[in-house]
Amino acid sequence: MRKAIAILIPVLLLVLFVIIFTSSTFLKKPFGTEDDVPAIINQIKTQAVNDDWKNADADAERLDKAWDIITCRVQFSVARDEIRDAKTSIARLRGYVKANDKAGTLSELSELKEYWTSLGE
């Protein structure tokens, strides 16, 4: 009995770690409206095209908060550089939105979409 427990505990821990490290595709999916990164990106894109900078600024703030929520969930299964690069892109996006720069905003949104699709691959 003691030998079985001595073998079972490390095996269960290894299985748990494998599940955690491969769960990024599940954990990056939105659990609600406040962490739906793809939807917020699409909203900001629509607002930038329509020159609705006030709402785009509010949604850029929402995107920053949503990214922080996602980061907490995927931080163990995604490379730190991917998280940091996306956070930097969000910071640049917020600057472009505040400057009402349509080209910069759309460029950063495209980059963020790419980060999002490659997250956890």
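Helices here are DSSP runs of H or I with at least four residues, numbered from the N terminus. By that rule, Leu14 lies in helix 1, residues 2–21. This is a predicted model, so local features need pLDDT of at least 70 and side-chain atom pairs count only at pLDDT 80 or more, while totals for chains, interfaces and linings use all residues. Residues are numbered from 1 along each chain as its sequence is written, and side-chain values use heavy atoms, with hydrogens and water left out.

Let's start with Leu14. Is Leu14 buried or exposed? Buried means under 20% relative accessible area, exposed means over 50%, and partly exposed is in between, with a 1.4 Å probe and protein chains only. At 56% relative accessibility, Leu14 counts as exposed. Leu14 also belongs to a nonpolar surface patch of about 1000 Å², whose other members include Met1, Ile5, Phe17 and Phe76. A patch like this takes residues with over 30% relative accessible area and no salt bridge, and joins nonpolar side chains (Val, Leu, Ile, Met, Phe, Trp, Tyr) within 5 Å. The areas come from the Shrake-Rupley method with a 1.4 Å probe, and for residues only the protein chains shown count as cover.

**The core**

Now for the inside. A nonpolar core is a set of buried Ala, Val, Leu, Ile, Met, Phe, Trp, Tyr and Cys residues joined through side-chain atoms within 4.5 Å. The largest one has 24 residues, and those with the most contacts inside it are Val37, Ile44, Leu63, Trp67, Leu93, Leu112 and Leu119. At least two core residues come from each of helix 3 (37–49), helix 4, helix 5 (80–98) and helix 6 (102–118). Which helix gives the most to this core? That's helix 4, with eight residues.

Leu112 shows what the packing looks like. Setting aside neighbours within four places in sequence, Leu112 is in contact (heavy atoms within 4.5 Å) with Ile41, Leu63, Ala86, Ser89, Ile90 and Leu93.

**Salt bridges**

A salt bridge puts a side-chain nitrogen of Lys or Arg within 4 Å of a carboxyl oxygen of Asp or Glu. By this rule the count comes to twelve. Here are some of them, with N to O distances.

| Pair | Distance |
|---|---|
| Arg73 and Asp35 | 2.7 Å |
| Asp59 and Arg62 | 2.9 Å |
| Asp64 and Arg94 | 3.2 Å |

Take Arg73 and Asp35. Arg73 lies in helix 4 and Asp35 in the loop between helix 2 (24–27) and helix 3, so the pair ties together parts that are 38 residues apart in sequence. Both residues are buried, and for Arg73 the relative accessible area is 18%. Beyond four places in sequence, Arg73 touches Leu27, Lys28, Lys29, Pro30, Phe31 and Asp35.

Asp59 and Arg62 make a local pair. Being three residues apart in helix 4, Asp59 and Arg62 are separated by about one helical turn. How much of each is covered? Asp59 is buried at 8% relative accessibility, whereas Arg62 is partly exposed at 33%. Asp59 also touches Ile40, Gln43, Ile44 and Gln47, not counting residues up to four places away in sequence.

Then there's Asp64 with Arg94, whose side chains meet in a salt bridge. This one links distant parts of the chain, with Asp64 in helix 4 and Arg94 in helix 5, 30 residues apart. Asp64 is buried, with a relative accessible area of 13%. Salt bridges that share partners join Glu61, Asp64, Lys65, Asp68, Lys87 and Arg94 into one network.

**A buried lysine**

Lys28 is found in the loop between helix 2 and helix 3, and is buried with a relative accessible area of 12%.

Notes:
Patch = residues over 30% accessible without salt bridge, like charges linked within 9 Å, V, L, I, M, F, W, Y side chains within 5 Å.
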